[in-house]
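Let's take a look at charged side chains and how they pair up. Have the model open while you read.

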Amino acid sequence: MVPGRHLDCLVVSDAALQPLTIVEIQRRVSAELDRIGSVIDELGALFATAGEELALVGGPVRDAMIGRLQNDLDFTTSAHPDVTERLVSGWADAVWDMGREFGTIGCRKGPWQVEITTYRSETYDPTSRKPDVDFGDTLEGDLGRRDFSVNSMAVRVPGREFVDPFGGIVDLAERVLRTPGAPEDSFSDDPLRMMRAARFAAQLGFSVAPEVVEAMTAMAARIEIISAERVRDELVKLVCAPHPRLGLTLLVETGLAEHVLPELPALALERDEHHRHKDVYEHTLTVLEQSIDLEHRLGGGPDFVSRFAALMHDVGKPRTRRFEDGGIVTFHHHDVVGAKLTRKRMKALRFSNHDIDAVARLVELHLRFHGYGSGEWTDSAVRRYVRDAGDQLERLHILTRADCTTRNQRKADRLRRTYDSLEERIARLSEEEELAAIRPDLDGNRIMEVLGIGPGREVGQAYAFLLELRMEEGPKSSEEAEAALKEWWAARG
């Protein structure tokens with residue numbers, strides 16, 4: 001037991017759980033292990049018969065303690081990859097070795113996805129982006145090289161002996177993230193662990209130990225040796241976590257955000273044009289949380305595109321700040337500038353073109369609604385709103401609603417009612433005109449037939465004219481569209 005900590009009175013809390021004593025945590029672990037006993041005991045027996053050690057390790061052990069054990073099981077072993085592959089080949093339904101270079105063999109057994117990794121240690125050269133991997137000799141040594149004590153617990157199988165050399169169960173109960181050894185050593189071995197600290201804080205709602213925060217702050221620049229893809233993956237997990245504000249705040253306060261998402265801390269220097277009590281940084285985190293509250297409209301779980309658009313929607317403000325008479329600060333065109341900055345940052349982080357286009361479009365359109373006033377838009381303007389949003393319309397609804405953070409309840413209610421009105425108009429027009437698939441009333445082939453021309457630039461120009469007509473005046477019959485097309489063509493001379 002860790003000195004000064006009394007296991008029988010410590011508790012762990014979670015939004016989905018009642019407070020639990022250490023005894024209750026241990027009971028839950030036992031129940032979870034019983035549930036997966038057919039897998040861990042069979043696999044443990046295979047390795048034991050071959051004279052090798054095997055232990056369930058890391059995240060699965062932690063998740064079993066809080067009742068979140070999934071179908072992904074991680075094991076560590078004394079066996080080298082070739083031996084592991086031979087042992088599981090006759091047992092698993094499928095085997096793969098894409099992680100062999102790092103000592104990992106993967107397999108599937110029924111619904112269980114299993115990864116088995118040789119005891120190891122890994123360190124980074126100060127100028128390298130890739131770890132040097134060496135195989136270790138003991139379970140305790142392997143646990144000592146892991147990121148945090150709550151991930152440094154193991155259960156030996158098939159005997160189910162609990163191994164916790166760094167007090168992980170106590171830290172889990174106290175809801176705190178610590179490293180097994182000195183945090184400086186841990187982050188030197190793998191600088192991405194600094195981002196993992198923020199991610200786990202966001203996922204689990206844990207605090208981060210002061211000495212860990214101090215090391216993150218001192219070593220923040222070292223994150224730059226990590227590949228953009230690995231940074232991106234951690235950022236996605238953080239943003240999609242239940243408590244992203246906790247993780248993002250930690251990135252900003254330690255200086256890590258300056259290296260991975262500098263647009264975010266830059267917002268803390270700005271005040272918005274309405275002189276609200278909070279700066280744009282705090283406003284942004286509030287918009288993110290409010291967008292999460294509206295995610296149910298998308299019908300699924302955490303939505304990265306929606307959340308990241310909320311996070312980036314005002315990043316154009318630092319570039320567009322202007323001081324005007326009377327002490328007024330404006331940020332004209334920050335939507336357009338913000339969309340460009342968003343594209344640049346997401347490209348640097350190696351996001352897919354699909355995600356980049358989706359987030360940037362939302363950032364660019366997030367102010368469009370404010371031209372709606374009290375509902376003065378014409379049907380043509382509503383059609384354009386829908387057309388420009390495209391397949392991001394529902395996310396745009398969420399972002400626009402979430403962007404209202406005023407404490408003035410009367411103003412908030414007015415904005416909500418106005419947006420309700422806009423959505424009702426969109427629904428009505430959609431039912432009447434199929435807005436989601438707005439196209440000209442004539443296709444390219446019919447355009448060529450009516451005008452007596454062949455393929456070429458003129459067909460595209462005629463198509464654009466008919467699309468504009470469709471947006472302005474709504475759907476027309478074929479006869480009406482043909483007459484308008486002929487009139488347009490004649491006017492061209």
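Here is a short tour of some salt bridges.

## Before we start

This is a predicted model, so to speak of local features we need pLDDT of at least 70, side-chain atom pairs count only at pLDDT 80 or more, and totals for chains, interfaces and linings use all residues. Residues are numbered from 1 along each chain as its sequence is written, and side-chain values use heavy atoms, with hydrogens and water left out.

Side chains of opposite charge can pair when their charged atoms come close. A salt bridge here is a side-chain nitrogen of Lys or Arg within 4 Å of a carboxyl oxygen of Asp or Glu. The structure has 40 of these salt bridges.

## Arg178 and its partners

Arg178 pairs with Asp171, with the closest N and O atoms 3.1 Å apart. Asp171 is buried at 1% relative accessible area, while Arg178 is partly exposed at 22% (buried is under 20%, exposed over 50%, partly exposed in between, using a 1.4 Å probe and protein chains only).

Arg178 also forms a salt bridge with Glu211, at 3.4 Å between the closest N and O atoms. This pair links distant parts of the chain, 33 residues apart: Arg178 sits in the loop between β12 (176–177) and α7 (183–189), and Glu211 in helix α9 (residues 210–218). Helices (H or I, at least four residues) and strands (E, at least two) are DSSP runs, numbered from the N terminus.

## A helix-to-helix pair and a network

Glu289 and Arg245 meet in a salt bridge at 3.0 Å, N to O. Glu289 is in helix α14 (residues 280–293) and Arg245 in helix α11 (residues 244–254), so the pair ties together parts 44 residues apart in sequence.

Finally, look for Asp190, Arg196, Arg199, Arg230 and Glu234, which are linked in a network of salt bridges.
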